[in-house]
Amino acid sequence: LIAAVTERQYTAVLKLPKDFTSPIHRILFLDAISAYLEHDFRVSILFAAMAMEIAFGTALEEAYEAILASPDNPRYRVQTIPIGGGAFSIKDPIFDRLREKTDFSIRVHEMSLYVLGKSLRVDKESLYKRALTLYRSRNKIVHLGTTDDAKEEVLVIDEKGAFAAVETASDCLSWLGLSSGAPLPKLAFVSGEEFSAFVDGLDV
């Protein structure tokens, strides 16, 4: 959906620093919407999953950096470890061990609980299950090119499945406190008022 830039958006852009770069998760989320509107549902699901994954990764790493900057917080186990030559490395071995795991469910539950102080599984179990379904669907598409004949719950590569993917990514970003940059898409004719509302909802 291509829309004219509003005065509000133009003013907001002018206030951005010259070196401003839109967050990767937001770019991928907008790519997911674009693919959805172009009926490329397979790509839409992939981009939605990538936006969700990177958003969690970004939130966790930023929180971890803040933890290392305040190593005296008794909630964590930050250690100063000698690495030779008189140099030291500051790290939290618990977080580092969790980070070694490739299971996405650990990122949204144990790792989030440890560094963010909240867990998607605990806070919103239904969204947690949807997030795992999206991640599982992404893996099937990457490795097999399809989600057909999957033994576990996955998204069907069609309009409904792609919309579910975009919606899940959007809800995960909201839970993390991150902006998706755009409202959810609609594959339908809209009124002038609805179109104006959609444009006003775009976030530069």
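Me: How many residues does the largest nonpolar core have, and which have the most contacts inside it?

Reply: The largest nonpolar core has 33 residues, and those with the most contacts inside it are Met52, Phe56, Phe104 and Leu120. (A nonpolar core is a set of buried Ala, Val, Leu, Ile, Met, Phe, Trp, Tyr and Cys residues joined through side-chain atoms within 4.5 Å; buried means under 20% relative accessible area, exposed over 50% and partly exposed in between, with a 1.4 Å probe and protein chains only.)

Me: Which elements give two or more residues to this core?

Reply: Helix 2, helix 3, helix 5 (104-115), helix 7 (125-144) and helix 8 (159-176) do. Helix 3 gives the most, nine residues. Helices (H or I, at least four residues) and strands (E, at least two) are DSSP runs, numbered from the N terminus.

Me: What kind of model is this?

Reply: It is a predicted model: local features need pLDDT of at least 70, side-chain atom pairs count only at pLDDT 80 or more, and totals for chains, interfaces and linings use all residues. Residues are numbered from 1 along each chain as its sequence is written, and side-chain values use heavy atoms, with hydrogens and water left out.

Me: Back to Leu120. What is it in contact with, leaving aside neighbours within four places in sequence?

Reply: Leu120 is in contact with Phe56, Val108, Glu125, Leu127, Tyr128, Ala131, Cys172 and Trp175. Contact means heavy atoms within 4.5 Å.

Me: Overall fold, then. How many helices and strands are there?

Reply: Nine helices and two strands, in the pattern α-α-α-β-β-α-α-α-α-α-α along the sequence. Of the 204 residues, 36% count as buried.

Me: On to helix 2. How far does it reach?

Reply: Helix 2 has 14 residues and reaches 20 Å from its first C-alpha to its last, close to the 20 Å expected at 1.5 Å a residue. The expected span is 1.5 Å times one less than the number of residues.

Me: Which of its residues are buried, and what covers them?

Reply: In helix 2, His25, Arg26, Leu28, Phe29, Ala32, Ile33, Ala35 and Tyr36 are buried. Helix 3 and helix 8 are included in what covers them.

Me: What follows helix 2?

Reply: His39, with a positive phi near 65°. His39 sits in the loop between helix 2 and helix 3 (41-69). Most residues other than glycine have a negative phi.

Me: Switching to Leu134. Where is it, and what does it touch?

Reply: Leu134 is in helix 7 and is buried, at 1% relative accessibility. Not counting residues up to four places away in sequence, Leu134 touches Ile45, Ala48, Ala49, Met52, Leu155, Ala165, Thr168 and Ala169.

Me: How many salt bridges does a search of the whole structure find?

Reply: Six. A salt bridge is a side-chain nitrogen of Lys or Arg within 4 Å of a carboxyl oxygen of Asp or Glu. One of them pairs Arg138 with Glu53, the closest N and O atoms being 3.2 Å apart. Arg138 lies in helix 7 and Glu53 in helix 3, so the pair ties together parts that are 85 residues apart in sequence.

Me: Are those two buried or exposed?

Reply: Arg138 is partly exposed at 22% relative accessibility, while Glu53 is buried at 11%.

Me: What does Glu61 form a salt bridge with?

Reply: Arg99, with the closest N and O atoms 2.9 Å apart. Glu61 is in helix 3 and Arg99 in helix 4 (residues 93-100), so this pair ties together parts 38 residues apart in sequence.
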